[in-house]
Amino acid sequence: MEKPKIATTSLAGCFGCHMSFLDIDDRILNLIELIDFDKSPIDDIKEFTGRCLIGLIEGGCANEENVRVLHEFRRHCDILIAVGECTTMGGLPAMRNTIPLKECLEEAYLDGPTIFNPGAMIPNDQEIPLLLDKVYPCNEVVKIDYLISGCPPSADTIWEILTALLNNKPVDLAYGLIKYD
Amino acid sequence: MMKYSEREVKEICSAYSCDSSRMMDILRDIQKRFGCVPEEVIDLIAGQVDVARVEVDSTVSFYAFFSKTPKGEVVIRLCNDIIDRMNGSDVIAEVFSRELGIEFGETTPDNKITLEYTPCIGMCDQAPSALVNEVVITDLSSDKVRSIVKTLKETGDPLKLVSRLGDGFNAHHLVKSMVHNCIRRKGKVVFAFADCDPNAGLEKAISMSPVEVINVIKNARLRGRGGAGFPTGMKWEFTRGAEGNKKHVICNADEGEPGTFKDRVILTELSNLLFEGMTIAGYAIGAENGILYLRGEYAYLYDFLASVLNFRRKKGFLGSNILGKPGFNFDIRIQMGAGAYICGEETALISSCEGSRGDPKNRPPFPAQKGYLSSPTCVNNVETLCCVVRILDKGAAWFAEMGSMGSAGTKLLSISGDCQSPGVYEFPFGISVRELLREVGAINAVAVQIGGPSGQMIGEDDFDRTICYDDLATGGSVMVFGSERNILEAVKCFMDFFTEESCGYCTPCRVGNVLLKRCLENIIAGKGEPSDLDYLKDLGETIKTASRCGLGQTSPNPILTTLQNFRPVYEALVHEAKDGCRPSFDIHAVLKDAQNITGRKSVYF
């Protein structure tokens, strides 16, 4: 029987949740017995090759590219898991949410105290995805099946969830795994 | 630059002995005198009263009736609760806006008139209504609005707007208000007072020992009329037994629950009864100090109530050795509120009386142990204190016989909305909603909001349920909705109210209610999904469980009770999303800013 597939991506995140995922250390060898990776930075597959059982999303949606990728994940994955603070709440990138987009760009490229920008240009290349007016948590954009808080969630948390799902067991995390203060 | 004189600020502070617990009065006087409380004046007050600047600042910014920036000489506050909207306040708002040439929240260029919205001002029986400075204008029509604007532009005097005076003491020279009492049904307890001897209750009380008085109240099974229904005798007993030399009686006349206006009528017509009740409470718990906390919206009654207090002092019903009883000293002062719903919550009310933001306090300690200025304090509703007098006069058995099992006596109900005779009704507890609707002439009612937004909305299936503490508890607000009304619009109106009035102290209430409201708006806009209904329920329960005070513990009720009683209304609006994409997320709308800034279109959407 073909192994189920897992896809992962980092949207408006810092890759910290992926690092935490890699912190499962040698357990990744057990994991790879159970699953194959599809589209993911872990194996560098850029596009989906088929249907996936699980999609792990890191980061919220800050630009149109994030939304496109998230839509793609929703289309290709049976179970979408929002991993970490940015995905579930917007996280640090959402600090710009109280400031109009134009002001944000001007502060970043024109007015900030450390800016050297003699051409007074705000980058505007066709290749740069358009920014959304705000940073949105993923569950406001598509339906998400599991939301895991934490910045980042620990490797053990991610491991528990994946093994539970792969073994068709209910995801029942011990208090210590979801307690953050 | 604001015009203010340092001397005047100092005078106002001195008038209250530079006492920080009288901050509300100081700020009210400043606001009245200068039209605002500017930053420089905040500095001055902080220096005079000797408190941190931030304390003054946070108090100023907390209350709707204080402002740091100048407003017009006349501030028109149009009530925008659901009953006023049902009576056409939207049209009224449009006409005000058009006639004045400004939007809501703005001031005319000549700085004469400011236009604002305000939540329920306690006039739902004569809606739409507005406050013009402290003057209440009722039964507004687009015609009236035109003449109001004309008069204000010509004279700038809100008092000129009152042409015909209301009934009873509304016509008293110290009130001069166009408000009507709308007393529709007089019961045996509160509204029967006119037939009795003044002070009969107080005289009987002082012929007994304080403990005996408390026992009478306990035997009468009197419970608090504000809505929570705590046994009054027990509250008095706790306060009496609490440690502390100075004790206080506070009457909660911050009648802010939308749709409630029965205290307004008591304050107008039966103020002597109320003050007598407070005096009895003072005697029973051993307090010498009483405070009537009067909501800012009822400021038009202040002079009148103050004159009643003076009258009672002159007659020896207040002051030292009351009615010749040696050592029985009690007096009452009026504390004005300044437009904050949360101050109806007793611990927030105490904070406000102490001159601070109306922040609720942690319980325990309960006010009975440690309340106003850290002394044992008994906070009672206006109607409760009126019942006290009648119980002392007529006896506990007389009172306990009326009403239903767990709910003795009568209840004043403020009934508004889709009925022929909105107004105040006094019924014995235990009346069914169906009977009530018949009495008030509500022919096509499909929904009734019992107990205001913080209560519950019931449908026809529940009309045989009864008004009492064991079934449908209410502080008095009953809003009737006819078959042509959109239930969810009412729910949204209530959620707007709660998000606005949340004090912001605790996260479940401050953030949770906004999330509830946002989800509800999506559903109303047809962008909701079936899973949203579970989300609303879960989030609502969380807010109720995790909030610090009564506001957050009840604010999800409009949604939770309608989800339970009117679920088909919600279900008809929600649809399963295609492809798992949220219908409420509009990618084109959220890209608009970036497209305008960059001048290019999205490559994907």
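# Close-up views of a predicted two-chain model

**Figure 1. A:Gly176, an exposed glycine in a helix of chain A.** A:Gly176 has 9 C-beta neighbours inside 10 Å, so this glycine counts as exposed. You will find A:Gly176 in helix H7 of chain A, which covers residues 175-178. Please keep in mind, here and in every view below, that the model is predicted.

**Figure 2. Chain A from end to end.** How many helices and strands does chain A have? Its secondary structure comes to seven helices and seven strands. Starting at the N terminus, you can follow the elements in the order β-α-α-β-β-β-α-β-α-α-β-β-α-α. The C-alpha trace of chain A spans about 60 × 40 × 30 Å along its principal axes. Of the 181 residues in chain A, 38% count as buried. Now consider the contacts in chain A with a separation of 6 or more: residues 24 or more positions apart account for 78% of them.

**Figure 3. Where chain A touches chain B.** This contact takes 18 residues from chain A and 17 residues from chain B. On the side of chain A, the elements that give two or more residues are helix H3 (64-76), helix H5 (101-111) and strand S6 (131-136). Which of them gives the largest share? That is H3(A), with six residues. Sorted by kind, the residues on chain A's side of the contact divide into eight nonpolar, two polar and eight charged.

Figure 4. The largest nonpolar core here has 174 residues, and the members that touch the most other members are B:Leu274, B:Ile280, B:Ala281, B:Cys386, B:Val388, B:Val448 and B:Val480. H12(B) gives the largest share of this core, nine residues. A second, separate core has 40 residues, including A:Cys61, A:Phe73, A:Leu105 and B:Ala594. Zoom in on B:Cys386 to see what surrounds it in the largest core. Leaving aside neighbours within four places in sequence, B:Cys386 is in contact with B:Val190, B:Ile266, B:Leu270, B:Leu273, B:Leu274 and B:Gly277.

**Figure 5. Helix H13 of chain B and its buried side.** H13(B) runs from residue 302 to 314, and its 13 residues reach 18 Å from the first C-alpha to the last, close to the 18 Å expected at 1.5 Å a residue. Which residues of H13(B) are buried? They are B:Phe304, B:Leu305, B:Val308, B:Leu309 and B:Arg312. Covering the buried residues are, among others, helix H11 (262-269), helix H12 (271-285), strand S7 (289-294) and strand S8 (331-336) of chain B. After the helix comes B:Gly316, with a positive phi near 80 degrees.

Figure 6. H7(B) takes in residues 142-155; its 14 residues reach 20 Å from first C-alpha to last, close to the 20 Å expected at 1.5 Å a residue. B:Val145, B:Ile148 and B:Leu152 are buried. Seen down the axis of H7(B), these buried residues fall within an arc of 60 degrees, so they line one face of the helix. On the other side, B:Asp143, B:Lys150, B:Glu154 and B:Thr155 are exposed. The cover over the buried residues includes strand S1 (74-79), helix H6 (89-100), strand S2 (113-118) and strand S4 (135-137) of chain B. Just after H7(B), B:Gly156 takes a positive phi of about 70 degrees.

**Figure 7. B:Val51 in a loop of chain B.** B:Val51 is in the loop between helix H3 (39-49) and helix H4 (53-62) of chain B. Is B:Val51 buried, exposed or partly exposed? With 17 other C-beta atoms within 10 Å, B:Val51 is partly exposed. Apart from neighbours within four places in sequence, B:Val51 is in contact with B:Ser20, B:Ala46 and B:Val56. B:Asp19 is 32 residues from B:Val51 in sequence, and the two are 9.7 Å apart in space, C-alpha to C-alpha.

Conventions: Residues are numbered from 1 along each chain as its sequence is written. Chains are lettered from A and ligands numbered from 1 in the order in which they are written. This is a predicted model: local features need pLDDT of at least 70, side-chain atom pairs count only at pLDDT 80 or more; totals for chains, interfaces and linings use all residues. Helices (H or I, at least four residues) and strands (E, at least two) are DSSP runs, numbered from the N terminus. The expected span of a helix is 1.5 Å times one less than its number of residues. A residue is buried if 20 or more other C-beta atoms lie within 10 Å of its own, exposed if 12 or fewer, and partly exposed in between; C-beta atoms are placed from the backbone. Two residues are in contact if their C-beta atoms, placed from the backbone, lie within 7 Å. A nonpolar core is a set of buried Ala, Val, Leu, Ile, Met, Phe, Trp, Tyr and Cys residues joined through C-beta atoms within 7 Å. Ala, Val, Leu, Ile, Met, Phe, Trp, Tyr, Cys and Pro count as nonpolar, Asp, Glu, Lys and Arg as charged, and the others, Gly among them, as polar. The arc is that of the directions from the helix axis to the C-beta atoms.
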